[in-house]
Amino acid sequence: MLGEDSFYLGADVGSVSTNLVLLTEDDNVALTLYLRTQGRPMQTIQEGMKLLRSKIGNSAKILGVGTTGSARQLAATLLGADVIKNEITAHAVAASRVDPSVQTILEIGGQDSKIIILRDGVVSDFAMNTVCAAGTGSFLDQQAARLGIPIEEFGRLALEAKNPVKIAGRCSVFAESDMIHKQQLGHALPDILAGLCQAMVRNYLNNVGKNKDIRGPIFFQGGVAANPGICKAFEAELGQPVLVPEHYGVMGALGAAYLAQEKIGLNPGHRTQFRGLHLGETQFNAKSFECSGCANRCEVIEILQDGSSLARWGDRCGKWSNALGVSTSKEKSQDEGEQRGA
């Protein structure tokens, strides 16, 4: 148990991982959790809260909550967030708090990658990958599995390379076929892995980092930063040091926690909307319906807590999202009738 302390909670919920961070009032990272989302963000958030409660106890106090990631709105609804921010802002805030002089953030996760340019602590430019998976962690996972090596060993083996091979990295399909060809020619495994690292970095810099003014200090964040082979390839291509912060894998969640801390600090009278440490035992469900109120025919997402509507979004006009409030049973039955197109 971490004891009877007070924390700020940051949650970064993405397609591959769900990360939770507890930040103390004096800016220390007390706890980090990494969970696989596996296409079940609601259940994963609840599993994370159960694990969190087992580590900090029921008496711990959550002062504020921030959410980020592709499922930040869903996470905010379930947790009761005080701050909801995109990944660019969250990663930038975390890096700036760790080192105010940082000017470039290279971030590579499981399904996406991004570059963030900061000047004087402010985001001045950024870019994200579009459709190709060759510059993301999932690509490395696939190739490691195909080669029969644990992904944890990938980077260490790549550092043993004597003569890295040249692999086409502009497309994941071409990269894989080129890698197979190099294997058939008899190249050593470390040389092939180092070639894959270099190909991935070239792909990243030619697409995500294209035309960006990359200056140091440079931070490398995201799960792929655990791979020393990728880090070495970045340093070789950029000709300058690339720093991996201590909490590289959960920087989005850490940034969300810092943002919650700032929100509460600027509003001393603000009372957190956090729903409590017992969220893991709450029954949440999601459903969707098509609104027939106009030609847009919006698909409306509805989150239910113990059978009661908690949040709705997806409607362009706000008809459903703004109509939650406290409904009478008559109003609820009218809603249900409209959902069926009555």
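I take buried to mean under 20% relative accessible area, exposed over 50%, and partly exposed in between (1.4 Å probe, protein chains only).

**Entry 1: basis.** I worked on a predicted model, in which local features need pLDDT of at least 70 and side-chain atom pairs count only at pLDDT 80 or more, while totals for chains, interfaces and linings use all residues. Residues are numbered from 1 along each chain as its sequence is written, and side-chain values use heavy atoms, with hydrogens and water left out.

**Entry 2: aromatic pairs.** I counted rings of Phe, Tyr and Trp (its six-membered ring) as paired if their centres lie within 6.5 Å; planes under 30 degrees apart are stacked, over 60 edge-to-face, and the rest tilted. The structure holds 3 aromatic pairs. I looked up Tyr204 and Phe234: their ring centres are 5.3 Å apart and their planes stand at 85 degrees, so this pair is edge-to-face. Tyr204 belongs to helix H7 (residues 189-207) and Phe234 to helix H8 (residues 228-238), so the pair ties together parts that are 30 residues apart in sequence. For these elements I used DSSP runs numbered from the N terminus, with helices (H or I) of at least four residues and strands (E) of at least two. Both Tyr204 and Phe234 are buried.

I then looked up Phe220 and Phe234, whose ring centres are 5.2 Å apart with planes at 75 degrees, so this pair is also edge-to-face. Phe220 lies in strand E9 (residues 218-221) and Phe234 in helix H8, 14 residues apart, and the pair links distant parts of the chain. Phe220 has 0% relative accessibility and counts as buried; Phe234 is buried with a relative accessible area of 0%. I recorded Tyr204, Phe220 and Phe234 as a cluster linked by ring pairs.

**Entry 3: H1 against H2.** I fitted axes as lines to C-alpha atoms, for helices over the stretch in contact, with angles from 0 to 180 degrees between N-to-C directions. The axes of helix H1 (residues 41-56) and helix H2 (residues 72-79) come within 10 Å and cross at roughly 50 degrees. Contact here means heavy atoms within 4.5 Å. Pro41, Met42, Ile45 and Met49 of H1 make the contact with Leu74, Ala75, Leu78 and Leu79 of H2.

**Entry 4: Lys212.** I found Lys212 in the loop between H7 and E9. Lys212 and Ala127 are 85 residues apart in sequence, yet 8.9 Å apart in space, C-alpha to C-alpha. Leaving out residues up to four places away in sequence, Lys212 touches Ile115, Ile117, Asp125, Phe126 and Ala127.
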